[in-house]
Amino acid sequence: MNASEFRRRGKEMVDYVADYLEGIEGRPVYPDVEPGYLRPLIPTAAPQEPEAFEDIINDIEKIIMPGVTHWHSPYFFAYFPTASSYPAMLADMLCGAIGCIGFSWAASPACTELETVMMDWLGKMLQLPEAFLAGKAGEGGGVIQGSASEATLVALLAARTKVIRQLQARTPELTQAAIMEKLVAYSSDQAHSSVERAGLIGGVKLKAIPSDGKFAMRASALQEALEQDKAAGLIPFFVVATLGTTSCCSFDNLLEVGPISELRVTHLSSKCTGKKEDMWLHIDAAYAGSAFICPEFRHLLNGVEFADSFNFNPHKWLLVNFDCSAMWVKKRTDLTGAFKLDPVYLKHSHQDSGLITDYRHWQIPLGRRFRSLKMWFVFRMYGVKGLQAYIRKHIHLAHKFESLVRQDSRFEICAEVTLGLVCFRLKGSNQLNEALLQRINSAKKIHLVPCHLRDKIVLRFAVCARTVESAHVQFAWEHIKELAGDVLRVEKE
C-alpha cells in the first residue's frame, strides 16, 4: 500500500468507522456466538501472497463483527464505561503514524513533554494539590499508565522498594527476604481484584479490611488491623483507598483513612525496634475520578492531600480512548528510585539536566506510545465545560433509572447512587436475580453484569455509551420489567 492508496483506503475506513458508530444501535449489543466460533472461519496459516483490501473489509463484517460485544452501544450497561470520541480516534491515528517509542526524552522530546504538560492540565482540572504537579520545578508529577492495575502495582512496588531501602540503611544486616516476609498491604474488602493481584505479583501479604454498611473502609477497622499486625511483628507499608468501587461505586472514607496512613507506624521486628516509617497511601479512583472535574463532585476527592499516589482512568469516562490511565505521585523519585536502570544505549545528554524526565523509569514496560496526543485533542475539542456536561448527563441518566426502579415495589436499590452506577435487584432470592440476569443477557437487547454485595447477587446498571439518551434508559427499564414479570410468573408455577 503506497501513500496514494492509503489516502483512499483511509477515507474508506473513516467512513466505515463512522457508519459503524452511527448504526451501532441497530446491532445486537452482545454477540450470539459460542467459544471457538472464529477459527473455522479463517485459514489455518497466513497467506503467502498479498490479499485485496476489499476482501479484508468484507471479512470484518463476516468474521469479526459477529463476535464483537458492542461496548459503545447505547444499550450497553455492563461493567463501567470505556471512553470513545472522534477526537481521540483521530489522535490515535496520528500516534500510529508518528510511531515513536517514547521511553526517553531523547527518543521523542514532544512525546515526553506533552505528557508532562497534559498530566498537569488534568491535575488542575481535578484541583489536585500542587505537590502532585510537575510544573517547572515540582518534585511530583503525572504519568500515563496502561491501566489502573498497572498504576496500583507500580505504586506498591515503589512503596516496597522504599521501605526495604530505608530499613536496610539503618540495619544493613537485614536481608530483603527477611523484610519482605513481614510486609503487609491493606485495602477494603470492596477493592478491585487488581489490588489483590498487585500483592501477589509484589510478593507481599494483602489484608482486606471489612467495609461498613455503606461498603466503605473506615479508620477504625483499618486501625484495628494495623495494631494486630504490628503486635505480631509485621510491617504495614501500603494502603489502597478506593474512590468508586467496582461493585457499587462506594467511597472509602479518605478523610479518616488518610491521616492514619500518614501517622508513623512503629516497626516491631527485633532488628528495628523504635524505628518508624510512613505507610504509602495510594488512591484508586479508576472510574469515579473523571467526575471530580465537576465542582459538585470534587468533595469526593477530599483527603487526597494525604496520598502518595493517585490514579484514575480517563479512558473510562473522560472521552479518551483506551489506553490512558492517569497516575500522579508527590515525589517522582519514589518511582524512579524503584525502577531506574540506565544501560548505555538508553542514556542521553539531557537526562541529568533536571529539566525533563524519562518516563521509562515511571513504569514497568520500557516502550510507550504517544498517548498524550489523545488527551490534547480531547481537552481542546471538548473543553473542560464540555467534559463536565458529559459527566453530568450520565449521572442524570443514572438517577433517572434509579427513580424508575424505586417506583416498582418488586425491586430494591442496594447501594447509594452517587455517580453513574445503579445497583438493584428483585426482592427475593439470589436464584431469582440470577434467573432475571440470564434472561436479560440471553435476549441481547441490553447487556448487564452482576456483583456480590455481602451475600446478595445484585444487578449493576452502569450508564456507559457516549450516545446514550433518556429513551435508551427508559427502553432498558421497560425490558427489565417485562422479563422480571416472566421470572416471577415462572417462580409461582
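Hi everyone, let's start with the rings: Phe77, Phe401, Phe411, Phe424, Phe461 and Trp477 are linked by ring pairs into a cluster. Rings of Phe, Tyr and Trp (its six-membered ring) pair if their centres lie within 6.5 Å; planes under 30 degrees apart are stacked, over 60 edge-to-face, and the rest tilted.

Before I go on, this is a predicted model, where local features need pLDDT of at least 70 and side-chain atom pairs count only at pLDDT 80 or more, while totals for chains, interfaces and linings use all residues. Residues are numbered from 1 along each chain as its sequence is written, and side-chain values use heavy atoms, with hydrogens and water left out.

Back to the rings. The count is 18 aromatic pairs. One of them joins Phe310 and Phe312, a tilted pair with 6.3 Å centre to centre and 35 degrees between the planes. Are these two buried or exposed? Both Phe310 and Phe312 are buried; buried means under 20% relative accessible area, exposed over 50%, and partly exposed in between, with a 1.4 Å probe and protein chains only.

Some rings also have a charge over them, meaning NZ of Lys or CZ of Arg within 6 Å of the ring centre and within 35 degrees of the ring normal. Arg460 has its charged end over the ring of Phe80, 4.8 Å from the centre. Likewise, the charged end of Arg466 sits over Tyr86, 4.9 Å from the ring centre.

Finally, the backbone. Most residues other than glycine have a negative phi, and most peptide bonds are trans. Tyr79 is not a glycine, yet has a positive phi of about 55 degrees. At 40% relative accessibility, Tyr79 is partly exposed. Arg454 also has a positive phi, near 55 degrees, and is partly exposed with a relative accessible area of 43%. Which peptide bond is cis, with omega near 5 degrees? The one from Phe322 to Asp323.
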